[in-house]
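Me: I have a structure open and would like to talk through its features one at a time. Could you help me read it?

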Amino acid sequence: MDILLQLVFSGIALGMIYAVIAFGYQLTFATSGTLNFGQGEALMLGALVGLSVVGNIHGGPYLNYWLMIPIVLVFGALQGMFVEWIGVRPAIKIKSEFGWIMSTIALAIIFKNVAENIWGKDDLPFPSPLSGAPFQILGANVQPMQVLVVVGALAMMLAVEIFNRKSIYGKAVVATSNDRDAAGLMGINTSVVITFSYALSSATAAFAGVLVAPLTLTGATMGAALGLKAFAVAIIGGLTSGMGAIVGGLILGIAETVTGFYISTGYKEVPGLLLLLLVLAVKPAGLFGKTAIKKV
């Protein structure tokens, strides 16, 4: 039972990383109907930039972990704006249904190659801001960094939700999400809102990168698998539901850790992908998603 609890706690931490990345997918889908398939690379770049800032590569330290986070958030936002300007806006302008897919995938490959040339192909350790000594919860060993991952992920998503509900700019995002054409007729610059949603999406992914990096190794290849699994989480939970991202992330994270221990690490992705296929067959909008009705 203690081992099972430990696996569940590890799965919760992993699942919240998936949830934050999936939340980023939802932000861009809500405002533009598009997705950044380089979301995993945004996480990877955030982790590597954070590693450079804290100085572990060149023997620093330059800044501590907590002062590094705002820099990574700004970097992630700028990277998201670049993706929107180069890969998404031209496709939206010509009303291409699939152009943004290939553009964001191409940019993801470019970002990965750039990262390999700057930081190398080897995985690097990321210094943890907290003690590595575990503490016990109900008899299971839990690392302080796992708790920080859960708290940090929830705090980021909560901050975005409060921003959208309370600020005038957030209400512009919500209006654009509800009806982009109507929002434009009401005087909202929807192009700026879409750019902002991409900036916010990549910033959340970059933040997820510096959350998960101390628990794993940091490298140019770390983002691809996380981004793909987070996309599965977004589909399972529903692309229109923040709660769905959390529930989907927890289901996939716990399923992976439990399967990897009790069956085999080679099969740890299977339960989550089977659930994805089941959800697509039974409820394509996701567990918490709303079916869109289009008038023709």
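Me: At what angle do the axes of helix α3 and helix α4 cross?
Reply: The model is a predicted one. In it, the axes of helix α3 (residues 65-93) and helix α4 (residues 99-119) cross at roughly 145°, and they come within 8 Å.

Me: Is that crossing of α3 and α4 left-handed or right-handed?
Reply: The crossing of α3 and α4 is right-handed.

Me: Which residues make the contact?
Reply: Helix α3 contributes Gln-79, Phe-82, Val-83, Ile-86, Gly-87, Val-88 and Ala-91. From α4 come Gly-99, Trp-100, Ser-103, Thr-104, Leu-107 and Phe-111.

Me: And how many of the residues in the contact of α3 with α4 are nonpolar, polar or charged?
Reply: Eight are nonpolar and five are polar, while no charged residue takes part in the contact of α3 with α4.

Me: What sits in the loop between α3 and α4?
Reply: Lys-95 is found in that loop. Lys-95 is not a glycine, although its phi is positive, at about 55°.

Me: Is Lys-95 buried or exposed?
Reply: Lys-95 is exposed, with a relative accessible area of 74%.

Me: Changing topic: how many salt bridges does the structure hold?
Reply: The structure holds five salt bridges. One of these joins Lys-112 and Glu-116, whose closest N and O atoms are 2.9 Å apart.

Me: Where do Lys-112 and Glu-116 lie?
Reply: Both residues are in helix α4, and they are four residues apart, which is about one turn of the helix. Lys-112 is partly exposed, at 26% relative accessible area, whereas Glu-116 has 17% relative accessibility and counts as buried.

Me: Why does Glu-116 count as buried?
Reply: Glu-116 counts as buried because its relative accessibility is 17%, and buried means under 20%.

Me: Which residue forms a salt bridge with Glu-161?
Reply: The partner of Glu-161 is Arg-165, with the closest N and O atoms 3.7 Å apart. Both lie in helix α5 (residues 144-166), four residues apart, again about one turn of the helix. Glu-161 counts as partly exposed at 30% relative accessibility, and Arg-165 is exposed at 60%.

Me: What about Glu-269 and Lys-229, how do their side chains meet?
Reply: They meet in a salt bridge, at 3.2 Å from N to O. Glu-269 lies in the loop between α10 (242-262) and α11 (270-282) and Lys-229 lies in helix α9 (residues 222-237), so the pair ties together parts that are 40 residues apart in sequence.

Me: How accessible are Glu-269 and Lys-229?
Reply: Glu-269 is partly exposed, with a relative accessible area of 27%, while Lys-229 counts as buried at 16% relative accessibility. Salt bridges that share partners also join Lys-229, Glu-256 and Glu-269 into one network.

Me: Now the aromatic rings. How many aromatic pairs are there?
Reply: The count comes to eight aromatic pairs. In one of them, the rings of Tyr-65 and Phe-126 have centres 6.2 Å apart and planes at 85°, so the pair is edge-to-face.

Me: Where do Tyr-65 and Phe-126 lie?
Reply: Tyr-65 lies in helix α3 and Phe-126 in the loop between β1 (124-125) and β2 (135-137), so the pair ties together parts 61 residues apart in sequence. Tyr-65 counts as buried at 5% relative accessibility, and Phe-126 counts as buried at 5% as well.

Me: Which residues do ring pairs link into a cluster?
Reply: The cluster consists of Tyr-25, Phe-37, Trp-100 and Phe-231. Trp-100 was named above in the contact, on the α4 side.

Me: One more: what is Ser-201 in contact with, leaving aside its neighbours within four places in sequence?
Reply: Ser-201 is in contact with Gly-24, Tyr-25, Leu-27, Thr-28 and Gln-39. The residue is in helix α8 (residues 190-212), and Ser-201 counts as buried at 1% relative accessibility.

Me: How far apart are Met-81 and Ser-201 in space?
Reply: Their C-alpha atoms are 9.6 Å apart, and the two residues are 120 residues apart in sequence. Met-81 is in helix α3 and is partly exposed, with a relative accessible area of 22%. Leaving aside neighbours within four places in sequence, Met-81 is in contact with Thr-195 and Ala-199.

Key
Residues are numbered from 1 along each chain as its sequence is written. This is a predicted model: local features need pLDDT of at least 70, side-chain atom pairs count only at pLDDT 80 or more; totals for chains, interfaces and linings use all residues. Side-chain values use heavy atoms; hydrogens and water are left out. Axes are lines fitted to C-alpha atoms, for helices over the stretch in contact, and angles run from 0 to 180 degrees between N-to-C directions. Helices (H or I, at least four residues) and strands (E, at least two) are DSSP runs, numbered from the N terminus. A crossing is left-handed if the near helix is turned anticlockwise from the far one by less than a right angle, and right-handed if clockwise. Contact means heavy atoms within 4.5 Å. Ala, Val, Leu, Ile, Met, Phe, Trp, Tyr, Cys and Pro count as nonpolar, Asp, Glu, Lys and Arg as charged, and the others, Gly among them, as polar. A salt bridge is a side-chain nitrogen of Lys or Arg within 4 Å of a carboxyl oxygen of Asp or Glu. Buried means under 20% relative accessible area, exposed over 50%, partly exposed in between (1.4 Å probe, protein chains only). Rings of Phe, Tyr and Trp (its six-membered ring) pair if their centres lie within 6.5 Å; planes under 30 degrees apart count as stacked, over 60 as edge-to-face and the rest as tilted.
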